[in-house]
Amino acid sequence: MYKSKLVTVLRTLTVSEMRDFGKFMEGTSYRTTGAIFQLYNFLKKQHPEYPEKKIDREYVKKALNKGGKNTGNRLPDLVSLLNTELEKFLIQKKLFEKEVKKEMLFLEVLRERGLD
C-alpha cells in the first residue's frame, strides 16, 4: 500500500483537509462503524508520514481485524472505495473553490434538462 494511489494522494492532504475528508465521508452512505471508516481512521492515524512498515498490507489487515470484523480479505475493495471517495472529496473541494465553474456546470445541467 505504500506506493498506492490512495496513500500517495493522502500524503498531500493537510491535517484540516484530512479532517474535512472524514466529515465528507460521514455524509455518504457508508456507516461510520463500517469497514471503510475503519480503514480511514487507521490511515488518519498514520497521516502525514505513512511509514512503510505501518501501511504494509499485512499490517493493515491485522490492524483492521482487531475490531472483531474480518475485513482483511476485502482490503483491496476497501482501498478502492476509499480512493473513490477521496477523488469525489477533492473534486467537490475544488468545485467550491471555483464558484464560476460551479455556476457554469449548473447552467449546463439546466440546459440539458430544457430549463434554460
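Contact means heavy atoms within 4.5 Å. Keep that cut-off in mind for this predicted model. Start with Asn-83. Asn-83 sits in helix α5. Which residues does Asn-83 touch, not counting residues up to four places away in sequence? Under that condition, Asn-83 touches Lys-5 and Leu-6.

Is Asn-83 buried or exposed? The relative accessible area of Asn-83 is 13%. Buried means under 20%, so Asn-83 counts as buried, at 13%.

## The nonpolar core

In soluble globular proteins, nonpolar side chains tend to be buried together. Here the largest nonpolar core holds 26 residues. Which of them touch the most other members? They are Leu-10, Phe-21, Met-25, Leu-39, Leu-43 and Leu-82. Five helices each supply at least two residues of this core: α1 (5-12), α2 (15-26), α3, α4 and α5 (75-97). Helix α3 gives the most, with seven residues.

Take Leu-39 from that core. Leave out residues up to four places away in sequence, and Leu-39 touches Val-60, Leu-64, Leu-75, Leu-78, Val-79 and Leu-82.

## Aromatic rings

A pair of aromatic rings is described by the distance of the centres and the angle of the planes. The count for this model comes to five aromatic pairs. One of them joins Phe-21 and Phe-89. Their ring centres are 5.5 Å apart and their planes stand at 45°, so this pair is tilted. The pair links distant parts of the chain. Phe-21 belongs to helix α2 and Phe-89 to helix α5, 68 residues apart. Phe-21 and Phe-89 are buried.

Phe-89 also pairs with Phe-24. How far apart are the ring centres of Phe-24 and Phe-89? The distance is 5.7 Å. Their planes stand at 55°, so this pair is tilted. Again the link spans distant parts of the chain, from Phe-24 in helix α2 to Phe-89 in helix α5, 65 residues apart. Both Phe-24 and Phe-89 are buried.

Ring pairs also build a cluster. Its members are Phe-21, Phe-24, Phe-37, Tyr-40 and Phe-89.

## The loop between α3 and α4

Most residues other than glycine have a negative phi, and most peptide bonds are trans. Now look at the loop between α3 and α4, where Pro-48 has its place. Is the peptide bond from His-47 to Pro-48 cis or trans? That bond is cis, with omega near 0°.

Tyr-50 lies in the loop between α3 and α4 too. Tyr-50 is not a glycine, yet its phi is positive, at about 50°. Tyr-50 is also buried. Its relative accessible area is 0%.

## The largest pocket

What is the volume of the largest pocket? The volume is about 220 Å³. Ten residues line this pocket, and those closest to its centre are Phe-42, Lys-45, Ala-63, Leu-64 and Lys-66. Helices α3 (35-46) and α4 (57-65) each supply at least two residues of the lining.

Which classes of residue make up the lining? Four are nonpolar, three are polar and three are charged.

Note on methods
Residues are numbered from 1 along each chain as its sequence is written. This is a predicted model: local features need pLDDT of at least 70, side-chain atom pairs count only at pLDDT 80 or more; totals for chains, interfaces and linings use all residues. Side-chain values use heavy atoms; hydrogens and water are left out. On a 1 Å grid over the protein atoms alone, a cavity is a set of points where a 1.4 Å probe fits but cannot get out, and a pocket is an open set with protein on both sides within 12 Å along at least five of seven lines; lining residues have an atom within 4 Å of a point. Grid points are joined across faces, edges and corners, and a volume is the space filled by probe spheres set on the points. Helices (H or I, at least four residues) and strands (E, at least two) are DSSP runs, numbered from the N terminus. Ala, Val, Leu, Ile, Met, Phe, Trp, Tyr, Cys and Pro count as nonpolar, Asp, Glu, Lys and Arg as charged, and the others, Gly among them, as polar. A nonpolar core is a set of buried Ala, Val, Leu, Ile, Met, Phe, Trp, Tyr and Cys residues joined through side-chain atoms within 4.5 Å. Buried means under 20% relative accessible area, exposed over 50%, partly exposed in between (1.4 Å probe, protein chains only). Rings of Phe, Tyr and Trp (its six-membered ring) pair if their centres lie within 6.5 Å; planes under 30 degrees apart count as stacked, over 60 as edge-to-face and the rest as tilted.
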